[in-house]
Amino acid sequence: MTRILLLGGTTEASTLAKSLAETGADAVFSYAGRTAKPVGQPLPTRVGSFGGVEGLAEYLRTESITHVVDATHPFAAQMSTNAVHACEAAGVKLCALERPAWQAGEGDTWVHVGTIEEAANALPETPAQVFLAIGKQNLVQFAAKPQHHYLLRLVDAPEAPLPLPHTTVEIARGPFDVAGDTDLMRRHGITYVVAKNAGGAGAAAKLTAARTLGLPVVMIGRPEVPERPVLGSVAEVMAWLSHPAA
């Protein structure tokens, strides 16, 4: 019998969860627990850490998981790495559902960097208005450039003081559209955008808006994870799981 653990948190994960539910698959949806009110899913759901590689491997054995689909955010490198090693240890099949990375096009002004620290260093020394579109997990690195005013767009309001002296926080949940992001950047006088190369349509509006406004984008490349099978669509994952695509 096939029993699936879906490591979620992306739009693609929610779409896959719907297909699994429609086919009656025996599956569990797992959230990392970084947002206070995650999107509801049509599958049994668990929230929180597994306790590293050993904890995840034990969960796979205890719950008789046969297949793991890693549909986490492309920057959830630790979780993806743990999944590779835990599946190896437990003898469980693994694939990743991963959206293609964004590519710069005509009219884009992108500065490519490899890490959060490099992104902070790429910002100018003179004060700027920066749309820091990277979530709330990696803000402390930008404290090295305290002269800037940072616009943050978060799903949940911060529960603790932010490590940046000059910030504006907007609470919103995507997907976003180009008109809204263009208006957002104009209202806040944004002069730089910092983004993680997450890919996908739901968060791409800010890049089109930056192109329209002629703004430079500091684009952070994806972290490396161990090699694993990577699929690009829900239909491909459903076929891999030997279920008909819904």
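Helices (H or I, at least four residues) and strands (E, at least two) are taken as DSSP runs and are numbered from the N terminus. The structure is a predicted model, in which local features need a pLDDT of at least 70 and side-chain atom pairs count only at pLDDT 80 or more, whereas totals for chains, interfaces and linings use all residues. Residues are numbered from 1 along each chain as its sequence is written, and side-chain values use heavy atoms, with hydrogens and water left out.

The chain contains seven helices and twelve strands. Its radius of gyration, taken over C-alpha atoms, is 19 Å, close to the 18 Å that the globule rule (2.2 Å times the number of residues to the power 0.38) gives for 246 residues, so the chain is as compact as a globular protein of that length. The C-alpha trace spans about 60 × 35 × 30 Å along its principal axes. Of the 246 residues, 43% count as buried, where buried means under 20% relative accessible area, exposed means over 50%, and partly exposed lies in between (1.4 Å probe, protein chains only). With contact defined as heavy atoms within 4.5 Å, 64% of the contacts between residues at least 6 apart in sequence join residues at least 24 apart.

The chain exposes about 11800 Å², of which carbon and sulfur atoms supply 53%; accessible areas come from the Shrake-Rupley method with a 1.4 Å probe, and for residues only the protein chains shown count as cover. The mean positions of the 19 positive and 23 negative charges are 4 Å apart. In this count Lys and Arg are positive and Asp and Glu negative, while His and the chain ends are not counted, and the place of a charge is taken as NZ of Lys, CZ of Arg, CG of Asp or CD of Glu.

A cis peptide bond, with omega of about 5°, joins Gly-174 and Pro-175, and Pro-175 is found in the loop between strand 9 and helix 5. The buried residues of helix 5 are Asp-181, Thr-182, Leu-184 and Met-185. These residues cover an arc of only 160° around the axis, which puts them on the same side of helix 5; the arc is that of the directions from the helix axis to the C-beta atoms. They pack against strand 7 (129-133), strand 8 (149-154), strand 9 (167-171), strand 10 (192-196) and helix 6 (205-213). The face of helix 5 turned away from this buried side carries the exposed residues Ala-179 and Arg-186. Asp-183, which also lies in helix 5 (residues 178-187), is partly exposed, with a relative accessible area of 39%. Asp-183 and Ala-209 are 26 residues apart in sequence, and their C-alpha atoms are 8.6 Å apart in space. Just after helix 5, Gly-189 takes a positive phi of about 60°.

Most residues other than glycine have a negative phi, and most peptide bonds are trans. Ser-64, although not a glycine, has a positive phi of about 55°, and this residue lies in the loop between helix 2 (52-62) and strand 4 (67-70). Ile-65 is placed in the loop between helix 2 and strand 4 and is buried, with a relative accessible area of 6%. Not counting residues up to four places away in sequence, Ile-65 touches Arg-3, Ile-4, Leu-5, Tyr-59, Leu-60 and Val-92. Between Ile-65 and Gly-24, which are 41 residues apart in sequence, the C-alpha to C-alpha distance is 16 Å.

Two threonines were also considered. Thr-45, found in strand 3 (residues 45-47), is partly exposed, with a relative accessible area of 40%. Neighbours within four places in sequence being left aside, Thr-45 is in contact with Phe-29 and Tyr-31, while Thr-45 and Leu-20, 25 residues apart in sequence, are 13 Å apart from C-alpha to C-alpha. Thr-115 lies in the loop between strand 6 (110-113) and helix 4 (116-122) and is partly exposed, with a relative accessible area of 30%. The C-alpha atoms of Thr-115 and Pro-223 are separated by 8.0 Å, although these residues are 108 residues apart along the chain.
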